[in-house]
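Take a look at the model first, then read on.

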Amino acid sequence: MAIRWIVLAAACVVMFASTPVHRAVAAPADIQFPARETVTDIPPAVFPHWFHRIRFKCAVCHTKIFPMEITGPEITMDAISAGQYCGACHNSETAWSVTFDKCPVCHVQQ
């Protein structure tokens, strides 16, 4: 009986070892955007990547709205209000709108 388990385990190892591996990219839990040096009274924005990732596939945002890396162009509130970056979905149609009363949702004091 023990030999059957050993043979089965060896077969599984061979099977999985010969299966092509696709590159997986770890999705960070939260992304904290660095605060601009000129803005000292507002905490940096924190993007809950995990929250969005469990609801949407990567291709919804990447690469149409955001580059696939954390470093990219500076995201400004003017750009978001104009419908770029977060504002592509946070437009009061797809998700809640970006307004001054919503500042604490993204700008979280750490």
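## The H4–H5 loop and beyond

Thr99 sits in the loop that runs between helix H4 (77-81) and helix H5 (103-106); helices here are DSSP runs of H or I with at least four residues, strands are E runs of at least two, and both are numbered from the N terminus. This is a predicted model, where local features need pLDDT of at least 70, side-chain atom pairs count only at pLDDT 80 or more, and totals for chains, interfaces and linings use all residues. Residues are numbered from 1 along each chain as its sequence is written, and side-chain values use heavy atoms, with hydrogens and water left out.

Thr99 and Ser81 are 18 residues apart along the chain, with 8.5 Å between their C-alpha atoms.

His90 belongs to the loop between H4 and H5 too. A polar atom of the His90 side chain lies 3.1 Å from the backbone oxygen of Trp96. Beyond its neighbours within four places in sequence, His90 is in contact with His52, Ala95, Trp96, Ser97 and Val98, contact meaning heavy atoms within 4.5 Å.

| Residue | Relative accessibility | Class |
|---|---|---|
| Thr99 | 36% | partly exposed |
| His90 | 16% | buried |
| Phe51 | 35% | partly exposed |

Now the whole chain. Its secondary structure comes to five helices and two strands, in the order α-β-β-α-α-α-α. Of the 110 residues in the protein chain, 11% are buried. Among contacts with a separation of 6 or more, 30% link residues 24 or more positions apart.

Finally, confidence. The protein chain has a mean pLDDT of 78, with 72% of its residues at 70 or more; pLDDT is the predictor's confidence in each residue, from 0 to 100. Over residues 11-24 pLDDT stays under 50, and the model has zero contacts beyond four places in sequence for them. Where pLDDT is low, the predicted coordinates should not be read in detail.

Notes:
Buried < 20%, exposed > 50% of the residue type's maximum accessible area, 1.4 Å probe, protein only. Polar contact = N/O pair within 3.5 Å; in protein donor to acceptor, adjacent residues only side chain to side chain.
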